[in-house]
Amino acid sequence: MEIDAAASGAMLKRERVRDAIRELIEARRPGDAIPSERALCARLGVSRPTLRAAVDELVVAGLLVREHGRGMFVAAEKITQELISDRNSFSLPQAGGVWTSRLLEFRTLPAGARVSRKLRVSPAAEILYVARLRLVDGSPMAIEHLHVRADLAPGLTSEELEQGDLYEHLRDRHGIRVSEAVQSIEPTVVTRAEADLLDVPELSPALLFERLTTDSRGRAVEYVHSLYRGDRYRIVSRLTLNPADDHSDAEQGHHPGIPPGDFTAGDPVPFSTRGVVQHHT
């Protein structure tokens with residue numbers, strides 16, 4: 001494939017501009033102003049369109065905020081969830097901030113075709129459907145849609161869904177010990193209704209989480225799909241690589257986020273890209 005030299009040059013120039021602005025951001029605190037576009041163009045020696053394209057990307061990434069008539073400001077820090085390899089623990093390190101929930105809907109209904117396949121029950125089986133808004137330090141962060149088998153958690157209350165950790169409630173009050181979860185994460189954008197709840201513009205970037213949780217007896221307990229704000233939430237993975245003298249016979253390939261080469265992934269992470277557990281449920 002022939003590479004367009006002009007397009008490649010423009011991309012690299014925008015990357016350099018983006019890195020320079022990132023340095024300005026990292027030297028400031030949330031809410032601090034950064035220089036105007038005119039001043040940045042003069043400082044970096046680039047055109048207004050090149051600078052604006054780089055700034056647009058940083059705004060979409062949630063690092064900068066534009067305020068009409070006032071200028072550009074460093075955005076609030078993102079909430080970080082760290083994923084680490086830990087074979088002995090179901091939960092993960094706490095994400096930052098104080099998490100609370102606001103119940104949007106709570107009712108009992110038939111599982112239906114799609115959810116019944118996830119939970120491995122009859123389509124007519126009753127489930128508890130819960131929609132809730134998750135907030136961090138009072139700011140909306142995510143919309144969660146939970147589907148819980150009603151026969152496994154009879155009497156689950158709205159208070160349990162708004163306060164504390166749901167898995168702790170399931171264990172302490174309902175005798176259910178969750179032991180494994182398979183979760184996927186995909187990029188998406190928010191609809192108008194979702195944008196109104198999350199207090200972001202329509203079509204803003206978001207992370208779509210889908211999780212199936214099973215208990216120690218292998219029963220599917222909970223199916224969840226959640227929408228997290230892409231401008232305020234991020235996932236950080238801590239990866240363990242094999243020692244250089246470990247000559248594994250495992251198939252070699254490219255691991256996302258790791259440059260191709262001699263590295264191979266370490267021991268399978270229980271909640272890796274095919275099984276990542278979001279701690280706050």
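Visitor: Is Leu203 buried or exposed?

Guide: Leu203 counts as exposed, with a relative accessibility of 58%, where buried means under 20% relative accessible area, exposed over 50% and partly exposed in between, computed with a 1.4 Å probe on protein chains only. Before we go on, please note that this is a predicted model, in which local features need pLDDT of at least 70, side-chain atom pairs count only at pLDDT 80 or more, and totals for chains, interfaces and linings use all residues. Residues are numbered from 1 along each chain as its sequence is written, and side-chain values use heavy atoms, with hydrogens and water left out.

Visitor: Ok, and where does Leu203 sit?

Guide: Leu203 is in the loop between helix H7 (192-198) and strand S8 (205-215); helices (H or I, at least four residues) and strands (E, at least two) are DSSP runs, numbered from the N terminus. Its phi is near 70 degrees, a positive value in a residue other than glycine.

Visitor: What about Arg120, what's its phi?

Guide: Arg120 has a phi near 60 degrees, which is again a positive value in a residue other than glycine. Arg120 lies in the loop between helix H4 (112-119) and S5, and counts as exposed at 52% relative accessibility.

Visitor: Switching to strands, in what order do they form the open sheet?

Guide: The open sheet has six strands in the order S4-S5-S6-S9-S8-S7, with antiparallel pairing, and two strands pair if DSSP finds at least two bridges between them. Strand S4 (99-110) and strand S7 (178-189) are the edge strands, since each pairs on one side only.

Visitor: How many bridges join S5 to S6?

Guide: Strand S5 (residues 126-136) and strand S6 (residues 139-149) run antiparallel and are joined by 10 bridges. Val136, for instance, has Ser139 in S6 as its bridge partner.

Visitor: And S7, which residues there could I look at?

Guide: You could look at Gln183, which is found in strand S7 and is buried, with a relative accessible area of 1%. Gln183 and Glu210 are 27 residues apart in sequence, yet 5.4 Å apart in space, C-alpha to C-alpha. Pro187 is also in strand S7, but Pro187 is exposed, with a relative accessible area of 72%.

Visitor: New topic: which residues of helix H2 are buried?

Guide: In helix H2 (residues 37-44), the buried residues are Glu37, Leu40 and Cys41. Seen down the axis of H2, they fall within an arc of 105 degrees, so they line one face of the helix; the arc is that of the directions from the helix axis to the C-beta atoms. On the other side of H2, Arg38, Ala42 and Arg43 are exposed.
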